[in-house]
Amino acid sequence: MNEQESDIRMDYRTGYYSIIVPGREHRPEELEIEDEGSKNLKNCPFERDTVDRKNLEIMHVNEPWTTMVIKNKFPELNGSTPLDYKKGFFSSISGYGYNEVIIETPNHFDKFEDMDTKKSIEWLSAVIEREEDLYSRNYIKHVMVFKNSGAKGGASIGHSHTQIIAWPEILGTPKIEIEKAIEYKNQNYSCLYEDSIKKENERMLFETEKIAAIAPYGSRIAGESMLLPKRHVNYLLDLDEQEKEDILEALKSIIRTNSKIFGKPSYNFVIHENKNEPDYHLHFEIYPRLADFAGIELGQNVFVNTITPEDYTKKFKDNLLFT
Ligand SMILES: [Zn+2]
Ligand SMILES: [Zn+2]
């Protein structure tokens, strides 16, 4: 694509459209964001001595703790709310569900992407343990794990943490992705995500025998990537040990490489999976937060992406930092 040309691309995972408009990306130096949150050690509620263990703790690993899971002090959903559906012109579901926070480290300035292999396995094991428990509870149909990092990523606390939200329904993008995966399988007798690995050569960031990382054709966000096991797995618990290790090392590599390319941007990652949907294919989506959402995004749910996935792939390969 020339600098003047743009593409309106469909994301094969969701059917969402994006405008890919190259040549307008900001230079990294314009994007350097000072993370106010990480400086604010004094008022941090996630320190070893300040975390509210009496009221909030769910579990911890090691003594003294090195990973702790707590209830979110300001939950969007609450497990003591009776599950209730209202149908009609005004439809709603009562706010039944669970919000938890994984404090990844007791050290305020440690970063997720700098964890060693053992520590990241400890994090993943805590994620899986919590997912297993939440999926076993009444009416829980979807557990989503995600990370907000930096002010533009929506993090209100700088201390490295991951969030878990357990829903009484599968809603939003995961619902759409599951429907698309099933539709694709019915039409093609194969898995959409495994086929994406075969077809995304041009946008392959890197791969090992077990996993692949790609910049999806219809990426909504500049620098967006998807990380997935090559084998069909729909739930984290079902990954084998090598797949887990490769995915964790790749995830940290992607975050570190994006930091180098874009100047330490805020970011989010989400884990798309579902224990009870065998046709879904587990994948991580990683979004550096370079641009704000504006009228097109909010008004049309069409995203403007200023770096073509092909350009991002090239930049990524030129700057790839392994852990
Ligand atoms: Zn802290
Ligand atoms: Zn698959």
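This is a predicted model: local features need pLDDT of at least 70, side-chain atom pairs count only at pLDDT 80 or more; totals for chains, interfaces and linings use all residues.
Student: What makes the arrangement around the zinc ion (ligand 2) tetrahedral?

Tutor: The 4 donor atoms subtend angles of 103 to 118 degrees. For four tetrahedral donors the ideal angle is 109.5 degrees.

Student: Which atoms are these donors, and how do you know that they count as such?

Tutor: They are C191 (SG), E194 (OE), H232 (ND1) and H281 (ND1), at 1.8 to 2.2 Å. The cut-off for a donor to this metal is 2.8 Å, so the four qualify. Their spacing in sequence is C-x2-E-x37-H-x48-H.

Student: What do H232 and H281 tie together?

Tutor: H232 sits in the loop between β12 and α7, and H281 in the loop between β13 and β14, so the pair links parts 49 residues apart in sequence.

Student: Why is H281 called buried, and H232 partly exposed?

Tutor: H281 has a relative accessible area of 0%, and buried means under 20%, so H281 is buried. H232 has 31%, which falls between the 20% and 50% limits, so H232 is partly exposed.

Student: What makes strand β9 mostly covered?

Tutor: Of the 7 residues in β9 (161-167), 6 are buried.

Student: How do you know that β7 and β8 each pair with β9?

Tutor: Pairing needs at least two bridges. β7 (98-103) and β9 have 6, in the antiparallel sense, with Y98 opposite A166. β8 (142-149) and β9 have 5 and also run antiparallel, with M144 opposite I165. Both pairings therefore meet the criterion.

Terms used: Residues are numbered from 1 along each chain as its sequence is written. Chains are lettered from A and ligands numbered from 1 in the order in which they are written. Side-chain values use heavy atoms; hydrogens and water are left out. Buried means under 20% relative accessible area, exposed over 50%, partly exposed in between (1.4 Å probe, protein chains only). Helices (H or I, at least four residues) and strands (E, at least two) are DSSP runs, numbered from the N terminus. Donors are N, O and S atoms within 2.8 Å of the metal (3.2 Å for Na, K and Ca); water is not among the atoms, so sites may look incomplete. Four donors count as tetrahedral if all angles lie between 85 and 135 degrees; four count as square planar and six as octahedral if opposite donors are over 155 degrees apart and all others between 65 and 115; anything else is irregular.
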